[in-house]
Amino acid sequence: MNVADCLFCKIVAKELGSEIVMETDNVLAFRDINPGAPTHVLVIPKEHIASAQELGSEHGTLLAEMFGVMADVAAGAGLDGGHRLVTNVGPDAGQSVHHLHFHVLGGRAMSWPPG
Ligand code: 5GP
Ligand code: ZN
């Protein structure tokens, strides 16, 4: 897929609007347009990476930044009862946007395994 056509690259470039929750040098966190829980935030790298399948050791620093943002998002939302971090990879998992993103979900009890 062409990066120029990537929905989340457009959100990073602010060509498309989103409700931004947190932003760092390399990471953006914004609310999911179709929330599946009272808190549903997407945390993405500003750099286009198609999915977790494309990650390597060169992304170690970026991943640390992403997990730091996820922890801050959860703390900022007051998710004292816990939360779920999810990244869907590929068609069987239902990945619909091919730009790496972690879902930060919380604010309600969740079942396991997911559907
Ligand atoms: P996936 O299905 O790839 O794991 O997750 C993609 C997520 O992106 C979905 O939860 C979907 O609701 C969200 N999404 C799709 N388009 C937009 C959009 O234009 N803006 C925002 N904020 N979220 C979107
Ligand atoms: Zn992208």
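Select Gln95 to begin. Gln95 is buried, with a relative accessible area of 9%. This is a predicted model. Gln95 sits in the loop between E4 and E5. Show its side chain and look for two partners. One is the backbone oxygen of Ala50, which the side chain of Gln95 reaches at 3.0 Å. The other is the backbone nitrogen of Gly90, 2.9 Å from a polar atom of the Gln95 side chain.

**The zinc ion**

Next, select ligand 2, the zinc ion.

Now color the donors along the chain. Their spacing reads C-x2-C-x38-H-x50-H. Pick out Cys9 and His99, a pair that links distant parts of the chain. Cys9 belongs to helix H1 (residues 7–12). His99 lies in the loop between strand E4 (83–86) and strand E5 (102–106). The two are 90 residues apart.

His99 is buried at 0%.

A search of the whole structure finds zero.

**Ligand 1**

Move to ligand 1. How many residues surround ligand 1? The count is 16, and the closest are Arg31, Asp32, Asn88, Ser96 and His103.

- Asn88: an N or O atom in its side chain is 2.8 Å from an oxygen atom of ligand 1.
- Gly94: a polar backbone atom is 3.2 Å from an oxygen atom of ligand 1.
- Ile33: a polar backbone atom is 3.3 Å from a nitrogen atom of ligand 1.

**The E1–E2 hairpin**

Switch to cartoon and select residues 20–23, strand E1, together with residues 27–31, strand E2. The strands run antiparallel, and three bridges join them. They form a hairpin, with three residues between E1 and E2. Click Met22 and look across: Ala29 in E2 stands opposite.

**Helix H2**

Now select residues 60–76, helix H2, and find Ala74 within it. Ala74 is buried, at 5% relative accessible area. Draw a distance from the C-alpha atom of Ala74 to that of Arg84. It reads 9.4 Å, for residues ten apart along the chain.

**Two backbone stops**

Which backbone angle stands out at Lys14? Lys14 has a positive phi of about 65°, although it is not a glycine. Find Lys14 in the loop between H1 and E1.

For the last stop, go to the segment after E5, where Pro113 lies. Select Trp112 as well and inspect the peptide bond from Trp112 to Pro113. This bond is cis, with omega near 5°.

Conventions. Residues are numbered from 1 along each chain as its sequence is written. Chains are lettered from A and ligands numbered from 1 in the order in which they are written. This is a predicted model: local features need pLDDT of at least 70, side-chain atom pairs count only at pLDDT 80 or more; totals for chains, interfaces and linings use all residues. Side-chain values use heavy atoms; hydrogens and water are left out. Two strands pair if DSSP finds at least two bridges between them. Helices (H or I, at least four residues) and strands (E, at least two) are DSSP runs, numbered from the N terminus. Donors are N, O and S atoms within 2.8 Å of the metal (3.2 Å for Na, K and Ca); water is not among the atoms, so sites may look incomplete. Buried means under 20% relative accessible area, exposed over 50%, partly exposed in between (1.4 Å probe, protein chains only). A disulfide is a pair of cysteine sulfur atoms within 2.5 Å. A residue is near a molecule or strand if one of its heavy atoms lies within 4 Å of it. A polar contact is a pair of N or O atoms within 3.5 Å; within protein, one must be able to donate a hydrogen and the other to accept it, and residues adjacent in sequence count only if both atoms are side-chain atoms.
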